[in-house]
Structure formats: structure tokens, C-alpha cells
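Thanks for coming, everyone. Please have the sequence and the structure open while I talk.

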Amino acid sequence: MSVIARCSVVIACVLLCACAGMAHHSVHNDLRDLNNLAACYADGIDAIGNGKVDAGAQRWRDCFSDDLKFSLSFGSTFSITCPGEKCNFPSTMNGLARRVALAKGTYERAGYVATSHHLTSIAVEQPAADAAVVKGHLQAWHQRKDGTTVLGLGTWQVQARKTATGWRIIEEQLESPLRVVMPKAE
């Protein structure tokens, strides 16, 4: 084999390894970024629940798309799907603004003064390079003004798409059928 032929083979191998490494790096970055959507959700909802609505909304801009669709169900007590017939927010509001308003209104109506959300057992499915599903189990602690704590358990699932600015949640489904009210701690 000539020197030129050997150099061509070496260059081809180097390029192949570099491309494979870049593909692995990209998949690793996507997986990390998709897992971080759960942390972004929790950070934003906790900021809103702790009275820092603007900070929570700003955090959610890092992970939710403006055209977000969502469906939330809290057992037999409350459910909403936006957009949808029972979505009581103006059509002029985008999906992210509706989700922030819903979170803020929920905390205000319930008299919550502090909250802490935890997502566990995160699973990521990525059927396409620009589409993914993230699922997790949700545990949410809410403290009321009177000192009682409400524990909500359920599931959180989102569909995400890759955009020029990163992964964004385009659809959220939250189901929390179990609520436990605990009296004020001594």
C-alpha cells in the first residue's frame, strides 16, 4: 500500500472516530439536558410557590416553550387542560403565561406559603433527535399559613422538542391523585 493510500486510511479512521465521538457527546448532552428539565420545572414551581413569581416564570422560560400545552389533574378535586374548553385563561395568553398564572393562583387560593417539589425515578425516551418524553414520580410538599402541610403524590410527564435555544417542554401532563394533610408540627 502506498504512503498516500495509508494516509488516506488513517485520515478516514480519524474522521470516523471523531464523528462517533461527537455523536456520543451529543447524545450524552441531550440526555443531561433532558434530565435537567425536571430540575428546571421544580425550581420554577418552587419559586412561584414561595412567592417569587417573576423568578419562577423566568426559570420556566429556560425549560418551557411559549406555546406550552398542559393537563393537570388533582384527583376528583380539580383538573384543567389548556388549551381546552375548561381552560379559563384568556386566549391572548401564551401557554407559559397560563401555566405560571395557574400555579400562582393555586398557591394563593390554597393559602400555601412555602412549597418543595421533588421528581424521582426520571426516565427519558428519545424517539427522534429533536423529540423526547421525560417521565418522573412527583412528591410535592406545600405548607399553609396555619402551619399544616399538604403532601401531594403523583406523576409528571412531558414531551420536549429540541430548539435553537435548547430543549423545551411543549406539553406537560401532571397527575396528583393523592393528597395527605398533616397537622402543624409541634
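Let's start with one pair. Lysine 104 and glutamate 108 join their side chains in a salt bridge, 2.7 Å from N to O. By salt bridge I mean a side-chain nitrogen of Lys or Arg within 4 Å of a carboxyl oxygen of Asp or Glu. Both residues sit in helix α3, four residues apart, about one turn of the helix. Lysine 104 is partly exposed at 33% relative accessible area. Glutamate 108 is exposed at 53%. On those words: buried is under 20% relative accessible area, exposed is over 50%, and partly exposed is in between, with a 1.4 Å probe and protein chains only.

A word on the model. It is predicted, so local features need pLDDT of at least 70 and side-chain atom pairs count only at pLDDT 80 or more, while totals for chains, interfaces and linings use all residues. Numbering runs from 1 along each chain as its sequence is written, and side-chain values use heavy atoms, with hydrogens and water left out.

Now the overall layout. The protein has three helices and six strands. Along the sequence the pattern reads α-α-β-β-α-β-β-β-β. Helices (H or I, at least four residues) and strands (E, at least two) are DSSP runs, numbered from the N terminus. Of the 186 residues, 36% are buried. The protein exposes about 10800 Å², and carbon and sulfur atoms supply 59% of that. Those areas come from the Shrake-Rupley method with a 1.4 Å probe; for residues, only the protein chains shown count as cover.

What about contacts along the chain? Take the contacts with a separation of 6 or more: residues 24 or more positions apart account for 57% of them. Contact here means heavy atoms within 4.5 Å.

Back to charges. How many salt bridges are there by this rule? The count is eight. Side chains of opposite charge can pair when their charged atoms come close.

Look at glutamate 172 and arginine 99. Their closest N and O atoms are 2.6 Å apart, in a salt bridge. Glutamate 172 lies in strand β6 (residues 166-182) and arginine 99 in helix α3 (residues 95-110), so this pair ties together parts 73 residues apart in sequence. Are these two residues buried or exposed? Both are buried.

Next, arginine 59, in helix α2 (residues 53-60). Its side chain meets that of aspartate 62 in a salt bridge, at 3.4 Å from N to O. Arginine 59 is partly exposed at 27% relative accessibility. Aspartate 62 is partly exposed too, at 41%. Leaving out residues up to four places away in sequence, arginine 59 touches Ala39, Cys40, Asp43 and Gly44.

On to the largest pocket. Rolling a probe the size of a water molecule over the atoms shows where empty space is left. A pocket, on a 1 Å grid over the protein atoms alone, is an open set of points where a 1.4 Å probe fits, with protein on both sides within 12 Å along at least five of seven lines; lining residues have an atom within 4 Å of a point. The largest pocket holds about 440 Å³ of space. Grid points are joined across faces, edges and corners, and the volume is the space filled by probe spheres set on the points.

Which residues lie nearest its centre? Phe74, Phe78, Thr106, Tyr112 and Arg179 do, out of 22 lining residues. Helix α3 gives the most to the lining, with seven residues. The lining divides into 13 nonpolar, six polar and three charged. Nonpolar covers Ala, Val, Leu, Ile, Met, Phe, Trp, Tyr, Cys and Pro; charged covers Asp, Glu, Lys and Arg; the others, Gly among them, are polar.

Last, the backbone. A cis peptide bond joins cysteine 82 and proline 83, with omega about -5°. Proline 83 is in the loop between β2 (78-82) and α3. Serine 121, in strand β3, has a positive phi of about 50° although it is not a glycine. Serine 121 is exposed, at 55% relative accessibility.
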